[in-house]
Structures are given as C-alpha cells and as structure tokens.
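Please look through the sequence and the three-dimensional structure shown here before reading on.

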Amino acid sequence: MLKSIYEKIKKFNTIVIARHIGVDPDALGSQFALKRSIEKTFPGKKIYAVGTKSSKYNYFPKLDKYDNKSTDTLLVVLDTPDKKRIDISSLETYSEICKIDHHPFIEKFGESEYIDTSASSASELVLELILKNSMYIDEEVAKYIFLGIVSDTNRFLFNTTDKTFKTMYELVKNYHLNIEELYSNLYMRPLSEVKFQGYIAQNMKVTENKLGYVIITNEIMTDYGVDSSSAGNMINNFNNIEEVIVWVTISEDIKNHLIKFNIRSRGPTINTTAEKYSGGGHKFASGARVPSMKEAKMLLDDLDIVCKEYLEKESK
Ligand code: AMP
C-alpha cells in the first residue's frame, strides 16, 4: 500500500496534506516531514500542509492556505481514522485521497489507505513511506519525525517497541539531532500551566472503581490563564497513580458549546466506550466531545462500569 501511495504522490503535481482536528505534535510532525520530503524529492510540485494553527506549537513551520483552485489535487490525510475528524473544509474537491494512520480503523474514505495500529505514531509511518521509497530525508525531516514519535509515545511510555527505539537510534545517529533542544520545544511550559496541574491534582475525584476524573469549568481555565487544549494536554501528566486505572479530564469548551473528554487508561479498553459518544482514539488513549453535562455524566458512568468490569475480571 505504501508503494501505491508513493505512486500517487509521484503522479499529482498539487498535493494537500491534512490531519485531525485538535492538532498535536504527531499530526504536525508527520505533515511537515512529508511536505518537506515530497518538495525535495519532486521539486516543482505544490505541496500544502493545511489545518487550524495553534500558537502552542510555534516550533513547527506555519501551515499553508490552500484555495481549492486546482482541479487535479491529491489529498493525503495523516493520523486520522474518520472523515469527521479531518481538519479540512470539504473532501469533495479532491481527485484522489490517501490515508496514513495508526488509529484503529473506523471508516474508509481514501482510495489508498495504509493503517498500522502497531506503529507508535503517524510520524513513524511517514518515515516508513519515505525510507521504503528512497524519498528525500535530511535533519529537518528527521527532526519533525522525532518530535512526532516522542510526543505520541509520551516519551516512550506507550506504543513503544524495539522498532520504535531502532527508528529513534537511526534518526539520532544519522541526522545529529539536538535532543535537548527538541525536548525543550515539546515540554517547556509556563508557570500558569504548572499551577493548573496542581489544581487538577487537588481536585481529582476517584471512584471506588478507580476512575479518576476532574471537571474543569471555563471559569477555572480563565482563573489559571489556560485554554481548553492546554487543559486536555494535562492528561498525560497523571500516569501511574496507584489508586487510578482510568483517568479523565472533562473541560468546558464554551466557544464550541462542547464538553471535551481526554481519557487515558492503564488497563481497561476505553476507545470503544468513547466511540459510543462519537469519540474514539486508541485502546488506552481516547477522547470525545459531548454536547452537554448530561451526556458527560453518562460517559463518565460508562467509564466507571468499564473500570468495575476490568477490576472484577482481574480479581478472578
Ligand atoms: P487526546 O486526549 O486529545 O490526546 O486524544 C487521544 C486520542 O483520542 C487521539 O488518538 C485522538 O485522535 C483521539 N480523540 C480525541 N478526541 C477525539 C474525538 N472527539 N473523536 C475521536 N477521537 C478522538
């Protein structure tokens, strides 16, 4: 399948590279690595990395605007399993669509789809596409891939295999990456966020089934000077709490009239429950957006049942 995606990249002169809403460093890393590699492998092609920008990730280049004017355009969608999560206005205007993803399959929307749920990240899959087809790679491409893999594995905690380490070894060795600088890009944060992390720790409630959750109102976010995406990112700082097997941040997004769930697990499968609420993600790292506190409570209750069933099975 990677060969067929490569052939399409070779064929089209205008290529748009999109990814999921709620951007993160793997989405951006895979986008910019692929964009640069195609531009350098096939000079003259017009490549656009598109999507909503986020000032939080200003260590990546600026995203492009694509005006939909070309009639013969390939769309490559990275890191996104379903249409509704693609950060793009319309799919109709593209001649062909390819997907490269590491999420569990949800729906087919491209002529060529390469999905590998065992991969650490979309960035790792883009690297595979580049290497298998002898496409261009340099320090900059390697840097974007590195950022994507480190971030999506949460510094090699999740989805990390010997292959991931081998990939990182090759990247660091061959492209002389400045690891300290890259880590500082990913993990530097303002004091307001650290204080906000303290708020979450102080206010996390834990059920008897080991479900940890905290409800973060817009008022709280304003008080701490953080936005709902920073609130969501906090979820990864609460791993390995003895009394908790699934943990959730529930944050109000008043701009979009939604309540955002960030969910993590160190045992129970959570993506199937998230999917029941139009959410999704991976087995142990999922998310959902629900329209009201009523649905939020229902999702929370469902997650608590998942924890209960998991604990019961474990104790047998
Ligand atoms: P996050 O907590 O935002 O880092 O998301 C964790 C995982 O869940 C990622 O793989 C996301 O793509 C996925 N995810 C987050 N929110 C949603 C959603 N509303 N619908 C489907 N998948 C989601």
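A residue is called buried when its relative accessible area is under 20%. In this predicted model, I130 has a relative accessibility of 0% and therefore counts as buried. I130 lies in helix 3, and, leaving aside its neighbours within four places in sequence, I130 is in contact with A33, S37, M135, Y136, I137 and V141. P81, by contrast, stands 49 residues from I130 along the chain, and the C-alpha atoms of P81 and I130 are separated by 21 Å.

| Helix | Residues | Residues in the contact |
|---|---|---|
| Helix 2 | 25-41 | D26, G29, S30, A33, L34 and S37 |
| Helix 3 | 122-132 | A122, S123, V126, L129 and I130 |

By class, this contact of helix 2 with helix 3 has six nonpolar, four polar and one charged residues. The axes of helix 2 and helix 3 are 8 Å apart, and the two helices pack at an angle of about 15°. Angles under 35 degrees count as roughly parallel, and helix 2 and helix 3 are therefore roughly parallel to each other. Where helix 2 passes helix 3, the crossing is right-handed.

How many of the 17 residues of helix 2 are buried? The number is 14, and helix 2 is thus mostly covered. As for its length, the 17 residues of helix 2 should span 24 Å at 1.5 Å a residue, which agrees with the 23 Å between its end C-alpha atoms.

Note on methods. Residues are numbered from 1 along each chain as its sequence is written. This is a predicted model: local features need pLDDT of at least 70, side-chain atom pairs count only at pLDDT 80 or more; totals for chains, interfaces and linings use all residues. Side-chain values use heavy atoms; hydrogens and water are left out. Axes are lines fitted to C-alpha atoms, for helices over the stretch in contact, and angles run from 0 to 180 degrees between N-to-C directions. Helices (H or I, at least four residues) and strands (E, at least two) are DSSP runs, numbered from the N terminus. Angles under 35 degrees count as roughly parallel, over 145 as roughly antiparallel, 65 to 115 as roughly perpendicular and the rest as oblique. A crossing is left-handed if the near helix is turned anticlockwise from the far one by less than a right angle, and right-handed if clockwise. Contact means heavy atoms within 4.5 Å. Ala, Val, Leu, Ile, Met, Phe, Trp, Tyr, Cys and Pro count as nonpolar, Asp, Glu, Lys and Arg as charged, and the others, Gly among them, as polar. The expected span of a helix is 1.5 Å times one less than its number of residues. Buried means under 20% relative accessible area, exposed over 50%, partly exposed in between (1.4 Å probe, protein chains only).
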